[in-house]
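The sequence and structure follow.

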Amino acid sequence: MTPKTDVDSDSGYGLYKHYRTGTDLNSASAVALSPDLAEELAELYFQNNQAGFPYLFHQATFMEDVRMGTIPLILLYGVIGLSARFSQHAILREINPWDRGGPYAKEAERLLDLHNLSLTTIQACMLLALNFAIEGESETECIYFAIASRMGMILDLPNAAGKTPYELELNRRVWWSIVTTDTWSSANLCLPRAIKLQDDILLPVDEVTFARMSPKTPFPIDPYDGRQSSPTPEPSLSALAHLAQLNKLLYEIYRLNATIIDENLGITAAEGTIESLSNALAEWLSGLPPQMQYTKANMSNWVEKGFGHIFSTIHINYNHAAQLLFYQFLYASQVASEGCSLGPAEAYARRCKQHAAALCDQVYNAREEYGVDIRYSIISHILVMASTVQIHSLLFSLDDDEIALAKVRLERNFETITRLHTYWPNVSASFSRLRAFHRACLKSMHTSFRLDRWMLRFMLEFSRSIEDKDEETVACSEDSKPFDQLRYLLER
């Protein structure tokens, strides 16, 4: 069979309007999707899933397709698999939020046609990856991301021809969503990224411009020769563009920490790379336009425009990347070691604590001051890492105010993770990891923060439970590699 290759083709995928009378899903927790319910669940996806990341759809177009029944059923089911857990609809209220989306995700998987090389198939694979991720099936998640990546490369998605500016931009945004999501997914399994980054790929336009696009708006006419022209996007005000750039640095931070373990590097040997990445993060932050700097006025402005989630996401991810870069200095600041004087180590440790604190406060303030509830599941891992930094303050700080704030943040982080656990089963792994870290501190608080094989897994493998630290140490001899697959993460 010859694959059907067409970026904008939906051929082969049934449409929602052909299935409105009921549901063929053989599951007690599957409910018939009336037009009103389907529209509500689609809206919840944009409020709670795409509101953060990744960006797979143009909201106005997707919602219009749902209302008209012209949305491919595979995409609607993939979306509902993620969003149904947030619904307050009477027909879903008695079903455990964890169980509501499963039947639809399974049906989306059944409908998937890998012979159909199209944007729809790529979007469906991304949705399936996310649906498996929340179930803790990180290997299956990675496979679907890899399929989306390969199809994106086969179709040359960021450079594919489009009939309208809308089509070009949607292709571009889906491409960068694949690339950025791949940073987290591949590191989680210590695998190489599925896509090798290129510097000549155009970045996405800003969110307001994209939201105002229409699938029917043609290319503008060049006033000089009367031909249609494709304007070059200006990404300086695009949160997604800056997030894509930030994730390049995040991946390098992953690689640095892995290299330190793999080659048993001391802090002095790694100091040049650490400083280089520190400068790169500072340049990324200072390079944000004034409208994208983290201020109360800017947060209010982005919330008013309907993009508070993505604005919060880029700044939370920035602080997460920085706390991972400086995390090893929490241990180094306890004792002068590895040929590094205590002074610089203390300064870097303070920066780690500052970023962890800022991250926590941004999550709290988004919800309490601006009504932006960050509810995507990966935030639980980010808060677990920030919580371990608070634990360090409890154990080693001599400042009463710092200790008091650390206690408050730990309590609030636990409350936030507990709330996330209401919706996402994979948050169980975050609780498991936090308990394992607490047990490690009880056994030896002086070595718990050392960047070693166990800590690297703690940082990277966020979707899995982790063994207790002493069991991990016994299972691995002193001269072994951190873990077999680490070599893949270190490959260029």
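Are E169 and R173 buried or exposed? Both E169 and R173 are buried, where buried means under 20% relative accessible area, exposed over 50%, and partly exposed in between (1.4 Å probe, protein chains only). The model is predicted: local features need pLDDT of at least 70, side-chain atom pairs count only at pLDDT 80 or more, and totals for chains, interfaces and linings use all residues. Residues are numbered from 1 along each chain as its sequence is written, and side-chain values use heavy atoms, with hydrogens and water left out.

**Overall architecture**

- The protein has 21 helices and two strands; helices (H or I, at least four residues) and strands (E, at least two) are DSSP runs, numbered from the N terminus.
- Of the 492 residues, 57% are buried.
- The accessible surface comes to about 21100 Å², and carbon and sulfur atoms account for 52% of that area (Shrake-Rupley method, 1.4 Å probe; for residues, only the protein chains shown count as cover).
- Among contacts (heavy atoms within 4.5 Å) between residues at least 6 apart in sequence, 75% join residues at least 24 apart.

**Cavities**

- Four cavities of 30 Å³ or more are present; a cavity is a set of points, on a 1 Å grid over the protein atoms alone, where a 1.4 Å probe fits but cannot get out.
- The largest cavity holds about 590 Å³ of space, a volume being the space filled by probe spheres set on the points, with grid points joined across faces, edges and corners.
- Its lining comprises 31 residues, of which F53, L130, Y376, S377 and I378 lie nearest the centre (lining residues have an atom within 4 Å of a point).
- The elements giving two or more residues to this lining are α6 (119-134), α7, α8, α10, α13 (308-326), α16 and α18.

**Salt bridges**

- The whole structure contains 16 salt bridges, each a side-chain nitrogen of Lys or Arg within 4 Å of a carboxyl oxygen of Asp or Glu.
- E169 pairs with R173, with the closest N and O atoms 3.2 Å apart; because these residues are four apart in helix α8, about one helical turn separates them.
- E169 and R173 also belong to a salt-bridge network that includes R172 and E207.
- In helix α5 (residues 102-111), R110 and E107 are three residues apart and form a salt bridge at 2.6 Å, N to O.
- R110 is exposed, with a relative accessible area of 57%, whereas E107 counts as buried at 14%.
- R367 and D373 form a further salt bridge, the closest N and O atoms being 3.5 Å apart; R367 is partly exposed at 37% relative accessibility, and D373 is buried at 17%.

**Backbone in loops**

- Most residues other than glycine have a negative phi.
- D156 has a positive phi of about 50° and lies in the loop between α7 (138-154) and α8 (165-188).
- N264 has a phi near 55°, lies in the loop between α10 (239-262) and α11 (267-287), and is exposed, with a relative accessible area of 70%.

**Selected positions**

- H381, in helix α16 (residues 378-396), counts as buried because its relative accessibility is 4%.
- Not counting residues up to four places away in sequence, H381 touches H320, S430, F458, M459 and F462.
- A30 and P103 are 73 residues apart in sequence, yet their C-alpha atoms are 6.0 Å apart.

Technical notes:
On a 1 Å grid over the protein atoms alone, a cavity is a set of points where a 1.4 Å probe fits but cannot get out, and a pocket is an open set with protein on both sides within 12 Å along at least five of seven lines; lining residues have an atom within 4 Å of a point.
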